[in-house]
Amino acid sequence: MVKNQRHALFFGLAAVLLWSTVATAFKLALEQLTSLQLLFFSSLISWLFLAGSLAYTKDFSNVVPCFKAHPWRYLKLGSINPFLYYLILFKAYELLPAQQAQALNYTWAISLSLLAVPLLGQKLRKADLISLGLAYFGVLIISTKGQITELNFESPLGVGLALLSTLLWSLYWIFNTKNTDKPVISLFICFSIALPLIALVMTWQGAWLIPSIKASLAAIYVGLFEMGITFVLWLFAMKKAENTSKISNLIFISPFISLVFIYTLLGEEIHPTTPIGLGFIIAGLFIQKFGSKKAP
């Protein structure tokens, strides 16, 4: 693919803008569907989109050989994402205000550095420890609405599930480190594995229903813009970029744009401590990304 920083910036900004809407979309969708139902219908939409993408790029013939080459790896990856990760994340969004859930979800990069120590044999550097402290202090501020000394959590279960989802997302990327298959092929295989698992749980829970038009539109939006199109846009941005660092830095603006959508579309009052806590989280991520390059 021909490098073009301008085109990369366009694709990157489009992806970031769409990702900024998902916290609002999750809450609106969960007004129509349970977390399990939303997981199934949005995953189905994403699976269809990925299948169409593979058919368009003529990569469909590579799906089965890729799976046969590493079946256990894909069974593990598909069980984590989208199955367990989104099931737990959606449940966290059911229990928490959108502003809290989306902020906590941004700490996954910190979780990744922690899990990389025992699983990949990496060492925590000084910058990692500083970023960890800042990010989780931000989590504490947001989760307690500034009542740090009282540790008064609005929903301890919701906070726990949101943080657990970051561990699962981190595990997915760690287990994916040796995967050299094309990302869209890998994601399609993961969704192909997860869908039957989700369907089994739906049957066990007696959760099947014919979704209303509102519920269908909500699931379509989540399936396309959280799991499908946005992922492809970001891949295009990375492939087109002459300087990938400048494009990847765009992700830092996403949580703040997300707060605007949460306030204007959900009508959720933004608590004064949320931007403060989010600032600590972003500062932690920033130090982790740039400070670790200079740390001994």
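Guide: Helices (H or I, at least four residues) and strands (E, at least two) are DSSP runs, numbered from the N terminus. This is a predicted model, where local features need pLDDT of at least 70, side-chain atom pairs count only at pLDDT 80 or more, and totals for chains, interfaces and linings use all residues. Residues are numbered from 1 along each chain as its sequence is written, and side-chain values use heavy atoms, without hydrogens and water.

Our part is helix α5, residues 71-95. Look at its partner, helix α10, residues 183-205. Their axes (lines fitted to C-alpha atoms over the stretch in contact, with angles from 0 to 180 degrees between N-to-C directions) come within 7 Å and cross at roughly 70°. The two helices are therefore roughly perpendicular (65 to 115 degrees; under 35 is roughly parallel, over 145 roughly antiparallel, the rest oblique). The crossing of α5 past α10 is right-handed: the near helix is turned clockwise from the far one by less than a right angle.

Which residues touch? Contact means heavy atoms within 4.5 Å. From α5 come Y74, L75, L77, G78, S79, N81, P82 and F83. From α10 come S186, L187, I189, C190, F191, I193, A194, L197, I198 and V201. This contact has 14 nonpolar, 4 polar and no charged residues. Here Ala, Val, Leu, Ile, Met, Phe, Trp, Tyr, Cys and Pro count as nonpolar, Asp, Glu, Lys and Arg as charged, and the others, Gly among them, as polar.

Now zoom in on P82, which lies in α5. The peptide bond joining N81 and P82 is cis, with omega about 20°. Most peptide bonds are trans.

Next, the rings. Rings of Phe, Tyr and Trp (its six-membered ring) pair if their centres lie within 6.5 Å; planes under 30 degrees apart are stacked, over 60 edge-to-face, the rest tilted. The whole structure holds 19 aromatic pairs. One of them joins F26 and Y93, edge-to-face, 5.0 Å centre to centre with 80° between the planes. Y93 sits in α5 and F26 in helix α2 (residues 22-29), 67 residues apart. F26 is buried, at 2% relative accessible area, and Y93 is buried too, at 3%. Buried means under 20%, exposed over 50%, partly exposed in between (1.4 Å probe, protein chains only).

F26 and Y93 also belong to one aromatic cluster, together with Y85, Y86, F90, W108, W169, Y172 and W173.

Follow F26 back to α2. In α2, 7 of the 8 residues are buried, so the rest of the structure largely encloses this helix. The buried ones are V22, A23, T24, A25, F26, K27 and A29. Their cover includes α5, along with α1 (5-19), α3 (35-57), α6 (98-105), α11 (213-225) and α14 (254-266).

K145 lies in the loop between α8 (126-144) and α9 (156-175). Its phi is positive, about 55°, although K145 is not a glycine. K145 is partly exposed, at 35%.
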